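This report is written for a reader who is meeting the structure for the first time. Please keep the sequence and the model at hand while reading.

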Amino acid sequence: MNFPENNIKVIVAASHFLTRLGIKTLLSVIGIQSDYSEVDSLEEIELAVQPGMRSFLVIEQNMIGSPGPLLLEQLVGKCPLCKIMVIGDMVLKNCPCSQFVSNNDNQQQILEKFQDFFFDQENKKQKTTGQNMLSERETEVLKEVARGLSNKEIADKLYISTNTVITHRKNITEKLGVKTVSALTVYALINNLIAPEDAIK
Amino acid sequence: MNTSLVFTTNMRMADVIHRDYSLIPVIGRFRIEYGFGNKTVKEVCDEYKVNPWFFLAIINAYHNRDYFPADQVKNFSLADIITYLSNTHQYFLEIKVPEIQNLINKLLEESTVGNLKNIKLLDDFFSKYVEEMKIHFAHEEEVVFPYIREIEKASIKMDAPQSVAKMILAQPIETYERQHDNLEIKLTDLKNLIIKFLPPVNCRHIIQNLLMELFRVERDINDHSYMEEKVVVPKVKQLEQEILKTV
């Protein structure tokens with residue numbers, strides 16, 4: 001297993017020294033050796049996480065308290081490349097974390113969660129949500145359908161015949177299993193193929 | 001569950017439910033309440049002024065998809081069939097839609113920020129679907145069903161006034177058949193968007209319930225459309241022809 005990119009940072013935010021030490025040990029067990037820092041207060045987190053830098057934040061839930069999700073959301077807003085793992089008693093509602101380790105998890109579960117978290121399994125899953133089901137040309141056609149263009153308009157825009165557009169649409173529908181324009185639009189938006197403001201209303 | 005079993009009039013109503021609990025909402029659509037004791041299907045139907053043969057045809061068809069006695073159902077009065085269809089509309093709008101909406105609301109509440117956008121898209125898709133469903137049902141309730149009742153009345157009296165004939169010529173059931181757009185397609189789309197494309201959510205049980213509900217509603221809607229297309233429309237067409245011959 002190779003670490004995906006260089007130039008990444010791991011920040012461990014936990015109030016207790018023993019917790020931080022434990023996490024650090026676990027990281028070396030699963031082979032994470034990167035720019036590593038520890039913080040034990042909220043204010044330090046913002047300093048440690050830099051916008052534009054790919055970073056992994058492992059944070060203990062009791063450090064952020066009840067406004068936790070909001071704080072983390074602001075953090076992700078500022079630093080979109082920051083991925084968050086929360087360790088605590090229960091999942092907070094609307095928490096923007098991509099991994100949650102429960103205090104009740106056993107060794108095996110914790111190990112798996114750490115591996116998933118750092119080796120980007122979740123991101124891979126999200127990206128492959130159906131996107132590779134379509135060819136490049138089909139994706140182009142789908143985008144225009146979701147923008148509300150007619151077959152004729154799509155044909156003109158992509159320099160292909162209307163019949164070709166119809167064939168593409170037939171294949172798109174067969175591959176995706178959705179037929180209506182509104183559902184195709186939802187598909188395009190879920191997969192970030194078009195901007196929300198461009199979508200057919 | 002033995003689907004080859006055919007329910008009969010002298011079977012106990014309680015046993016019908018024990019043998020196939022998916023009939024619970026169907027029986028509810030006949031406005032039949034519980035507390036049957038050991039009464040038979042016939043006795044309960046008589047009590048609620050439901051045609052027992054029509055009741056049996058519906059529950060048997062629902063119990064076993066291959067059993068649809070279209071010819072037999074055509075012998076029932078259109079008034080009975082329409083009452084049933086109308087109750088089904090109410091069941092969808094007053095029970096099923098709020099149930100599904102509740103599940104979507106829960107998903108919205110529990111979703112992570114990252115997935116919230118996607119759940120909102122599904123929510124929006126479903127709202128639009130419900131709007132279309134309402135328009136579709138309202139058209140049937142306000143235009144199509146009253147028309148069918150008029151036609152049946154005229155045909156029973158064997159004396160159709162000119163006005164009825166005019167009505168038939170102006171807007172025969174055929175026009176409705178052409179407008180009968182498919183509510184099923186969008187529902188299948190919604191299911192597939194969830195099954196195939198929604199990124200994993202952190203509240204698995206809610207999404208499971210949501211999918212199960214969508215499958216149930218889809219089945220109900222399919223049955224509903226089948227009744228309209230294969231039973232009601234052909235029967236009305238036949239009556240229209242008969243009436244036009246007499247005037």
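The sections below go from the overall form of one chain to its partner chain, and then to individual residues.

## Basis and overall form

The model described here is predicted. Chain A contains 10 helices and five strands. Its radius of gyration is 22 Å, well over the 17 Å that the globule rule gives for 201 residues, so chain A is more spread out than a compact globule. Along the principal axes, the C-alpha atoms of chain A fill a box of roughly 65 × 35 × 30 Å.

Of the 201 residues in chain A, 44% are buried. Among contacts in chain A with a separation of 6 or more, 63% are between residues 24 or more positions apart. The accessible surface of chain A is about 10800 Å², and carbon and sulfur atoms account for 51% of that area.

## The interface between chains A and B

Contact between the two chains involves 26 residues of chain A and 23 residues of chain B. About 2000 Å² is buried between chain A and chain B, with 64% of this area coming from carbon and sulfur atoms. Three residues, A:Asn94, A:Val186 and A:Ile190, supply 26% of the area that chain A buries against chain B, more than any other three residues. Between chain A and chain B there are zero salt bridges.

## Helix H10 of chain A

Eight of the 10 residues of H10(A) are buried, so this helix is largely enclosed by the rest of the structure. The buried residues are A:Ala183, A:Leu184, A:Thr185, A:Val186, A:Tyr187, A:Ala188, A:Leu189 and A:Ile190. Both chains take part in covering them: the cover includes helix H7 (136–146) and helix H9 (162–176) of chain A, together with helix H7 (113–157) and helix H10 (183–197) of chain B. Two of the residues buried here, A:Val186 and A:Ile190, are also among the three named for the interface with chain B.

Just after H10(A), A:Asn192 takes a positive phi of about 55°. A:Asn192 lies in the segment after helix H10 (181–190), and with a relative accessibility of 58% it counts as exposed.

## Positive phi in chain B

Most residues other than glycine have a negative phi. In chain B, B:Lys49 has a positive phi near 55° although this residue is not a glycine. B:Lys49 is placed in the loop between helix H3 (41–47) and helix H4 (52–63) of chain B. Its relative accessible area is 77%, so B:Lys49 is exposed.

## Salt bridges

Side chains of opposite charge can pair when their charged atoms come close. Over all chains, the structure holds 18 salt bridges. One of them joins A:Arg20 and A:Glu38, whose closest N and O atoms are 3.1 Å apart. A:Arg20 lies in helix H1 and A:Glu38 in strand S2 (residues 35–39) of chain A, so this pair ties together parts that are 18 residues apart in sequence. A:Arg20 is buried, at 11% relative accessible area, whereas A:Glu38 is partly exposed at 32%.

A:Glu144 also forms a salt bridge, with A:Lys157, and here the closest N and O atoms are 3.2 Å apart. The pair links distant parts of the chain, since A:Glu144 is in helix H7 and A:Lys157 in helix H8 (residues 151–158) of chain A, 13 residues apart. A:Glu144 is buried at 4% relative accessibility, while A:Lys157 is partly exposed at 46%. In chain B, B:Glu131 pairs with B:Lys134 at 3.9 Å between the closest N and O atoms. These two residues are three residues apart in helix H7 of chain B, so about one helical turn separates them. B:Lys96, B:Glu99, B:Glu213 and B:Arg216 are linked in a network of salt bridges.

## A nonpolar surface patch

A:Phe17, A:Leu18 and A:Leu21 make a nonpolar surface patch of about 310 Å². A:Leu21 is located in helix H1 (residues 17–29) of chain A. With 41% relative accessibility, A:Leu21 counts as partly exposed.

Terms used:
Residues are numbered from 1 along each chain as its sequence is written. Chains are lettered from A and ligands numbered from 1 in the order in which they are written. This is a predicted model: local features need pLDDT of at least 70, side-chain atom pairs count only at pLDDT 80 or more; totals for chains, interfaces and linings use all residues. Side-chain values use heavy atoms; hydrogens and water are left out. Patches are made of residues with over 30% relative accessible area and no salt bridge: like charges are joined within 9 Å, nonpolar side chains (Val, Leu, Ile, Met, Phe, Trp, Tyr) within 5 Å. Accessible areas come from the Shrake-Rupley method with a 1.4 Å probe; for residues, only the protein chains shown count as cover. A salt bridge is a side-chain nitrogen of Lys or Arg within 4 Å of a carboxyl oxygen of Asp or Glu. Helices (H or I, at least four residues) and strands (E, at least two) are DSSP runs, numbered from the N terminus. Buried means under 20% relative accessible area, exposed over 50%, partly exposed in between (1.4 Å probe, protein chains only). The radius of gyration is taken over C-alpha atoms; the globule rule is 2.2 Å times the number of residues to the power 0.38. Contact means heavy atoms within 4.5 Å. Buried area is the accessible area (1.4 Å probe) that two parts lose on being put together, summed over both.
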